[in-house]
Amino acid sequence: MDNGQSDYQVLFHVTFYHFDGRKEIGSDEMIIEARSSEQAKRKLLNQFNNSDQPVTQCPDGWFGEIDNEELYIDNVNLV
């Protein structure tokens, strides 16, 4: 890319904690344009913490209210 950034594939999972004590995990991936793998991680964390848009969708069949959710980055690969 001519802007000094590259595409990184960020593999991650989100753990959803329900009010009733259940825990469910959703895995996903995202392509992020960044200058380094560390910047790609920071961009995903920023979106997770500060955006109204979810970084992953809850699978069909999930029910109940979510008490908390945590993002875990599993791997970052240069595309």
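Me: Where does Ile73 sit?
Reply: Ile73 is part of strand S3. Keep in mind that this is a predicted model.

Me: Buried, partly exposed or exposed, that Ile73?
Reply: Partly exposed, because its relative accessibility is 27% and the buried class stops under 20%.

Me: What does Ile73 touch, leaving aside neighbours within four places in sequence?
Reply: Val10, Leu11 and Phe12, plus Lys41, Leu44 and Leu45. Val10 is 63 residues away from Ile73 along the chain, yet their C-alpha atoms are separated by 7.2 Å.

Me: OK, zooming out. What's the order of elements along the sequence?
Reply: The pattern reads β-β-α-β, with one helix and three strands in the protein.

Me: And how are the strands arranged in the sheet?
Reply: It's an open sheet, ordered S2-S1-S3, with antiparallel pairing. Strand S2 (23-34) and S3 are the edge strands, each pairing on one side only. From one strand to the next, the twist averages 20 degrees.

Me: Where does the helix go?
Reply: H1 packs on the sheet and touches S1, S2 and S3. The direction of H1 makes about 160 degrees with that of S3.

Me: How many bridges join S1 to S2?
Reply: There are 12, and the two strands run antiparallel. Within that pair, Leu11 is opposite Glu29 of S2.

Me: And how many bridges between S1 and S3?
Reply: 11 there, with strand S1 (residues 6-18) running antiparallel to S3. For specific pairs, Thr15 has Glu70 as its bridge partner in S3, and Val14 stands opposite Leu71 in S3.

Me: Remind me, what holds strands of a sheet together in general?
Reply: Strands pair through backbone hydrogen bonds, and they can do that parallel or antiparallel.

Me: Which residue takes a positive phi in the hairpin of S1 and S2?
Reply: Gly21, with phi near 95 degrees. That hairpin has four residues between the strands.

Me: Switching to the loop between H1 and S3. Where's Glu65?
Reply: Glu65 is in that loop, which runs between helix H1 (37-50) and strand S3 (66-78).

Me: Is Glu65 buried or exposed?
Reply: Exposed, because its relative accessible area is 61% and the exposed class starts over 50%.

Me: What is Glu65 in contact with, apart from neighbours within four places in sequence?
Reply: His18 and Phe19. As for Tyr17, its C-alpha atom is 8.8 Å from that of Glu65, and the two residues are 48 apart along the chain.

Me: What box do the C-alpha atoms fill?
Reply: Roughly 50 × 20 × 20 Å, taken along the principal axes.

Me: Last one, charges. How far apart are the mean positions of the positive and negative ones?
Reply: 8 Å, for 6 positive and 15 negative charges.

Notes. Residues numbered from 1 in each chain as written. Predicted model: local features only at pLDDT ≥ 70, side-chain atom pairs only at ≥ 80, totals over all residues. Heavy atoms only, no water. Lys, Arg positive; Asp, Glu negative; His and termini not counted. Charge placed at Lys NZ, Arg CZ, Asp CG, Glu CD. Buried < 20%, exposed > 50% of the residue type's maximum accessible area, 1.4 Å probe, protein only. Contact = heavy atoms within 4.5 Å. Pairing = 2+ DSSP bridges. Axes fitted to C-alpha atoms, helices over the stretch in contact; angles between N-to-C directions.
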